[in-house]
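Here is a short briefing on one protein chain. Look over the sequence and the model before reading on.

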Amino acid sequence: MKKILVCGHVDHGKTTLIRAMNAYFKEYYNLETEENEGGSLRMVGRMHSVFSLGGTDYDFFDLPGEADYEDFFENPDNHVDAAVLVCAACDGALPGTIAAMKRLAKKGVSKIVVYLSKIDIADDEDLIMFMEEDLRELLEQNGFGGNVSVIKGKVQGLLDALFPEEPARWRIIFNNETAPQPIKDRNVLNPLAAPIVKLIQAVDGLF
């Protein structure tokens, strides 16, 4: 089982990304998934998306809050094979982004993929390009080199398509308990899921 830590600044989309993985892949690819109770700001435990790809088992997970990340990295028994660094294109690298880089470097996690989220909110190609360049410079400064894959995308549209009648905030807080049946039209879903597929392929390519 490859442990993939999803990390970054608060509210940049870590938990939403994992929820979208679960919602899309569990329903449409029949992959085994596991999900702990939690939400964007009220997570009780780790959020997981567990599945197999090409014979390899992956566990994408994040943690409830900043203190939990600190505790996780300070424990030498906690193992991470690779990381997905989530950074919102509308905000760029914030203190939590840089803290995540430093913790990963200190832990010796060299395999990393960046997910530049919320590109629909940024809605400016020049701004998105600037944010990507800034992230690459910060990654180099923290010892990750200049060839890190950066995947750009948004996942809220996918969740809205899968759960069209449920407000996003309710979905996060109440853990999908009242979610309606998802849209099953692949012509609608596949383009929305493309960034997630690219992200997973990029992670798979690290091994």
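Helices here are DSSP runs of H or I with at least four residues, strands are E runs of at least two, and both are numbered from the N terminus. On that basis, Asp-11 falls in the loop between strand 1 and helix 1 (14–28). The model is predicted. The protein has eight helices and six strands.

**Overall layout**

- The order of elements along the sequence is β-α-β-β-α-β-α-β-α-α-β-α-α-α.
- The protein has 207 residues, and 46% of them count as buried.
- Take the contacts with a separation of 6 or more: 73% of them join residues 24 or more positions apart.

**Helix 3 against helix 5**

- Helix 3 covers residues 95–107 and helix 5 covers residues 125–141.
- Their axes come within 10 Å and cross at roughly 35°.
- The crossing of helix 3 past helix 5 is right-handed.
- On the helix 3 side, the contact uses Thr-97, Ile-98 and Met-101. Helix 5 brings Leu-135, Leu-138 and Leu-139.
- By class, this contact holds five nonpolar residues, one polar residue and no charged residues.

**The cavity**

- How many cavities of 30 Å³ or more does a search of the whole structure find? The search finds one.
- The largest cavity holds about 50 Å³ of space.
- Its lining consists of Cys-7, Gly-8, Glu-66, Tyr-69, Phe-73, Gly-96, Ala-100 and Arg-103.
- Strand 1 (2–8), helix 2 (66–74) and helix 3 are the elements that each give two or more residues to this lining.
- The lining of the largest cavity splits into four nonpolar, two polar and two charged residues.

**Glu-66, a lining residue**

- Glu-66 belongs to helix 2 and is one of the residues lining the largest cavity.
- Glu-66 counts as partly exposed because its relative accessibility is 38%, between the 20% and 50% cut-offs.
- Beyond its neighbours within four places in sequence, Glu-66 contacts Ala-99 and Arg-103. Arg-103 also lines the largest cavity.
- Glu-66 and Ala-100 are 34 residues apart in sequence, with their C-alpha atoms 9.6 Å apart in space. Ala-100 is another lining residue.

- Asp-11 has a phi near 70°, which is positive in a residue other than glycine.
- Asp-11 counts as partly exposed, at 39% relative accessibility.
- Asp-123 is not a glycine either, yet its phi is positive at about 50°.
- The loop between helix 4 (119–122) and helix 5 contains Asp-123.
- Is Asp-123 buried or exposed? Asp-123 counts as exposed because its relative accessibility is 64%, and exposed means over 50%.

**Glu-132 in helix 5**

- Glu-132 is located in helix 5.
- Glu-132 is buried: its relative accessible area is 14%, and buried means under 20%.
- Which residues does Glu-132 touch, not counting those up to four places away in sequence? They are Leu-116, Val-150 and Lys-152.

- Val-148 sits in the loop between helix 5 and strand 6 (149–152).
- Val-148 is buried, with a relative accessible area of 6%.
- Leaving out residues up to four places away in sequence, Val-148 touches Ile-112, Val-113, Val-114, Arg-136 and Leu-139. Leu-139 also takes part in the contact of helix 5 with helix 3.
- Val-148 and Ala-202 are 54 residues apart along the chain, and 9.7 Å separates their C-alpha atoms.

**Ile-119 in helix 4**

- Helix 4 contains Ile-119.
- Ile-119 counts as partly exposed, at 25% relative accessibility.
- Not counting residues up to four places away in sequence, Ile-119 touches Ala-89, Ile-128, Lys-152, Gly-153 and Lys-154. Lys-152 is also touched by Glu-132.
- Ile-119 and Gly-153 lie 34 residues apart along the chain, yet their C-alpha atoms are separated by 5.8 Å.

Notes:
Residues are numbered from 1 along each chain as its sequence is written. This is a predicted model: local features need pLDDT of at least 70, side-chain atom pairs count only at pLDDT 80 or more; totals for chains, interfaces and linings use all residues. Side-chain values use heavy atoms; hydrogens and water are left out. Axes are lines fitted to C-alpha atoms, for helices over the stretch in contact, and angles run from 0 to 180 degrees between N-to-C directions. A crossing is left-handed if the near helix is turned anticlockwise from the far one by less than a right angle, and right-handed if clockwise. Contact means heavy atoms within 4.5 Å. Ala, Val, Leu, Ile, Met, Phe, Trp, Tyr, Cys and Pro count as nonpolar, Asp, Glu, Lys and Arg as charged, and the others, Gly among them, as polar. On a 1 Å grid over the protein atoms alone, a cavity is a set of points where a 1.4 Å probe fits but cannot get out, and a pocket is an open set with protein on both sides within 12 Å along at least five of seven lines; lining residues have an atom within 4 Å of a point. Grid points are joined across faces, edges and corners, and a volume is the space filled by probe spheres set on the points. Buried means under 20% relative accessible area, exposed over 50%, partly exposed in between (1.4 Å probe, protein chains only).
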